[in-house]
Each structure stands twice: as C-alpha cells, then as structure tokens.
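Here is a short report on one predicted model.

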Amino acid sequence: MLPSPSPDELRLVDAVTEEHFTAMSLIHALGWRDTYKGYVPDEYMAREITDGRWIKVFRENYKTGVCNGLLLYRGGVPVACINYCRARKSNYNTGEVCTFENAGYEDWGEIASFYTHPAERGKGYGGILMTQALARLKAAGYRNAFVFVLRENEKARKFYAAHGFSWDGTHADIHFPPDTVCVDLRYVRSL
C-alpha cells in the first residue's frame, strides 16, 4: 500500500479514470460559475453548467486520444486541471453555444480548457499546470500553441501574457440564448 500524500504535497496526474474525469468536470463547473458570472446568462449557467457536464467529454477525449487531461492535486484534493491537444478543427461544444474554425492553425497545439478551483487560486497552481502542458505539447512536436480567453477575463489574459501568450487579433463569438454574445480572443505563443 502506498503512503497517503502529505496535505501540502503537490502532484500531477494524467486524467485517465472516471474519478479524474469527475474531478475535472467539477473544477470546470466551479470555474465557470465563478469566472463567467455576469457575462454568461444566469439561466444558461443554472441549466447547463452542472457539476457533471464535462465527464462524458473528458472520458471520450481520453478514449479517442483527442485531448489529454492533467490534474494537479494538493495532498489528495484535486485543485486545478488543464486539457491540451492538437488544435481542434472546432470546439467540442459544437451545436451548443460556440463553433470556431481553426483554419491556419491545424499544426498547432491547443490549450483546450484550463481551470483552477476558485478557492485555490493565487497559489501558483495554474503556472505549474501551464508549464507542464506547454512542455508536453513541445515534446509532441508542436512549434506553436494557442488558447482562447474571454475578452472580459482580465486576470486570465494577464496570466496568459505572463506565460508568453499574446492576442493574435483573431476571436470567436460565443452565442448564449437568447441574445448574449461573448467574445473569446485567441492568444498564441511559440514553443
């Protein structure tokens, strides 16, 4: 039997089990509810952003190899997660709220999603995950990477800039019923 991790021990775990997919989905839901409040309609958040919303997506991504998930644990508690992959042709929420085309970015790496539990922000966990995901994309042969970030999310934009990303002038409009449009900016960097 392996010893239990100490309460402050940090460890990275590749997301490969149902427990991992469930933890990542919860962190995503908490992140959405905290970060996008006031931007994404409350009705959409209440109806669509459930704790288990992304479990099936993460499970399929793992099974098909489309996207890799990585969790950061502090002790036995998952505190942050990131999903990285080859640039998708369009997002995996096609038909829901947003579709975007990645023409011209086909050979790029992508940070598909990235969230820290709201109670765990400001502790450097995001930097650990971002550094690891970018290193893995580089090791996989990608020369460049991108991430989409909500235009109004100043904290995230500063975080990405601090990690070498900058806006390349492209964006994706995200439509939320009945009439809300949010704008995601594409931030890019070389690896």
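Buried means under 20% relative accessible area, exposed means over 50%, and partly exposed lies in between (1.4 Å probe, protein chains only). Leu 12 has 34% relative accessibility, so this residue counts as partly exposed. Leu 12 sits in strand 1 (residues 10-14). Helices (H or I, at least four residues) and strands (E, at least two) are DSSP runs, numbered from the N terminus.

The model is predicted: local features need pLDDT of at least 70, side-chain atom pairs count only at pLDDT 80 or more, and totals for chains, interfaces and linings use all residues. Residues are numbered from 1 along each chain as its sequence is written, and side-chain values use heavy atoms, without hydrogens and water.

**Helix 5**

Helix 5 spans residues 154-162, and its buried residues are Ala 156, Arg 157 and Tyr 160. They cover an arc of only 100° around the axis, which puts them on the same side of helix 5. That arc is taken from the directions from the helix axis to the C-beta atoms. Lys 155, Lys 158 and Ala 162 are exposed, on the face turned away from the buried side.

**Backbone**

Just after helix 5, Gly 164 takes a positive phi of about 90°. Pro 177 and Pro 178 are joined by a cis peptide bond, with omega about 0°. Pro 178 belongs to the loop between strand 6 (166-176) and strand 7. Most peptide bonds are trans.
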